[in-house]
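Please find below a colleague's note on a protein model. It is written as numbered points, each of which may be checked against the structure itself.

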Amino acid sequence: MNRPAPEFRRPLARYVAGVTLAHAMAATEVLLVMVALGHETHGAIRDMFAGSSAAVVTVMTAAAVLAVAIGSAVIFLPTVRWYAAEEEPTAAQRAAALAVPRRQTMLLAAVWIASAVPVLLANRDTAAPVGLMIVPPLFFGATAAILTALLLTVRTLRPITAAALPAGDTRDTAPSVMTRLLSVWVLISALPSVGVAGLILARANGWLIDRSASLELPILLLMAVAVLWGLRAMILVSQSISDPVREVVEAMADVGRGTLDHTVSVYERSEIGRLQTGFNRMVLGLRERERLRDLFGRNVGGDVVQLLVDRDESVYGVEREVAVMFIDLAGSTQLAASLPPQEVADLLNTFFRSVVDAVDEHGGFVNKFQGDAALAVFGAPVGSATADSDALSTARDLANRMQLHSNLDFGIGVTAGPVFAGFVGAENRFEYTVIGDAVNEAARLADRAKQEPGRVLSSVAALSGADPDERNRWEPRGSEILRGRGTPTEMFAPR
């Protein structure tokens, strides 16, 4: 027979150890109190802790521990099989995995009740007083074992619960934070207080305990047990709350640093689980918003998006001085007629990629692509004191880049002047653009530049606003009335 893989054994061993340890601790603590109390009782009650009855108690204690270990393994084994194999659970397997805490509670309650039966049979002649004696410790021990087992196994069950939870299921089936805190109160306050009160009342009325009996040792042991119960309960309850909260806090820190692929596992069926689910939904929403922002930015430009996010009213329409660069391909009609559509699209993408790279490097804004042409603006939507120099240096840089594509001819025109920069269109559909004579002049210069050796022309308006170093890189090319214009334009080309 093949031995199970380590990833199969570890969760099974941790779970069985948690449930068994919870039962063993509760049984040990209850027996200590009962033995101490037995010395203060009289008659048949005292005989329960001596002779064959004591042997029965010892055997049943050991048998109960073994039964809890075997029973918890039987409960957990079907669940861990599909989890260790990383299989998608069926509906029945999901239900069984989520029912593990309830079944372990039933197992512990049944073991504690069954443990009392042999003790009562061993003392059947005095079953009534013995029954009255063991019922309170039985109730206390079972309650302590059940609550401790739930807390000890919560970490082992978390990943399995996360894998078994149906998508979108938000029902609360796990103990709430209030319930967990009330469980701690029951363990460290309610149960010990009831036990002390019961001992005092029993001695005062002579019920099972002599009126002259000393209760100091039983009460001290009961208080010591309460301290131990309280310590482990507080540690385990705080961990059951702080662990998932800490995971969410750490994930939020990652989100704050811009990491939007960090989600948390949802393994709670309580308000903590709703917190985990809510965080994951928030991250999903942020991813979607970032994706939309990226898509929006690809269409209108990152600067426009940022202005909209910042609610800068000037982006909706303002007149400002800008520099404009227009680049237009030559012979694109012949390309479309002689090449397959996909090849034409690839050439255009190569061309536009060069335009975007050059404009971005010099702080410009590619306003739009028009068929086989592109319009770039410098000084809008974000103002710039060096807009004219940036546009001129971009034109020179882009001309050099375009020389690498021998199959593409082009013309680049640069000018400057006042334009309207903002959104135009309807309320529910608009675009950011620049409108003004400078745009028209740049387009005419680009058309005229196709006849120049360097394929680049600038107007005097752009050069007059540039820095001296940039102006020295250009030389006159005369003046001319460009197509569609009424006055001559003084033109310059790179040296």
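1. Basis of the note. This is a predicted model, in which local features need pLDDT of at least 70 and side-chain atom pairs count only at pLDDT 80 or more, while totals for chains, interfaces and linings use all residues. Residues are numbered from 1 along each chain as its sequence is written, and side-chain values use heavy atoms, with hydrogens and water left out.

2. Strand pairing. Strand β8 (residues 489–494) pairs with strand β6 (residues 456–459) in the antiparallel sense over 2 bridges. Strands are DSSP runs of E with at least two residues, helices are runs of H or I with at least four, and both are numbered from the N terminus; two strands pair if DSSP finds at least two bridges between them. M491 in β8 is the bridge partner of S459. Strand β7 (residues 474–480) also pairs with β8 in the antiparallel sense, over 5 bridges, and here E475 stands opposite A493 of β8.

3. The residue F326. F326 belongs to strand β1 (residues 317–330). Is F326 buried or exposed? F326 counts as buried because its relative accessibility is 8%, where buried means under 20% relative accessible area, exposed over 50% and partly exposed in between (1.4 Å probe, protein chains only). F326 and L375 are 49 residues apart along the chain, yet their C-alpha atoms are separated by 4.8 Å. Leaving aside residues up to four places away in sequence, F326 touches several residues, including L375, I412 and A446; contact means heavy atoms within 4.5 Å.

4. The nonpolar cores. A nonpolar core is a set of buried Ala, Val, Leu, Ile, Met, Phe, Trp, Tyr and Cys residues joined through side-chain atoms within 4.5 Å. The largest has 32 residues, of which M325, I327 and I412 touch the most other members. Among the elements that each supply at least two residues are β1, β3 (373–378) and β4 (409–426), while α14 gives the most, with 7 residues. A second, separate core of 25 residues includes A26, A27, L151 and V225.

5. The surface. L66, I70 and V74 make a nonpolar surface patch of about 300 Å². L66 is placed in helix α3 (residues 51–84) and counts as exposed because its relative accessibility is 53%. Patches are made of residues with over 30% relative accessible area and no salt bridge, with like charges joined within 9 Å and nonpolar side chains (Val, Leu, Ile, Met, Phe, Trp, Tyr) within 5 Å. A salt bridge is a side-chain nitrogen of Lys or Arg within 4 Å of a carboxyl oxygen of Asp or Glu, and accessible areas come from the Shrake-Rupley method with a 1.4 Å probe, only the protein chains shown counting as cover for residues.
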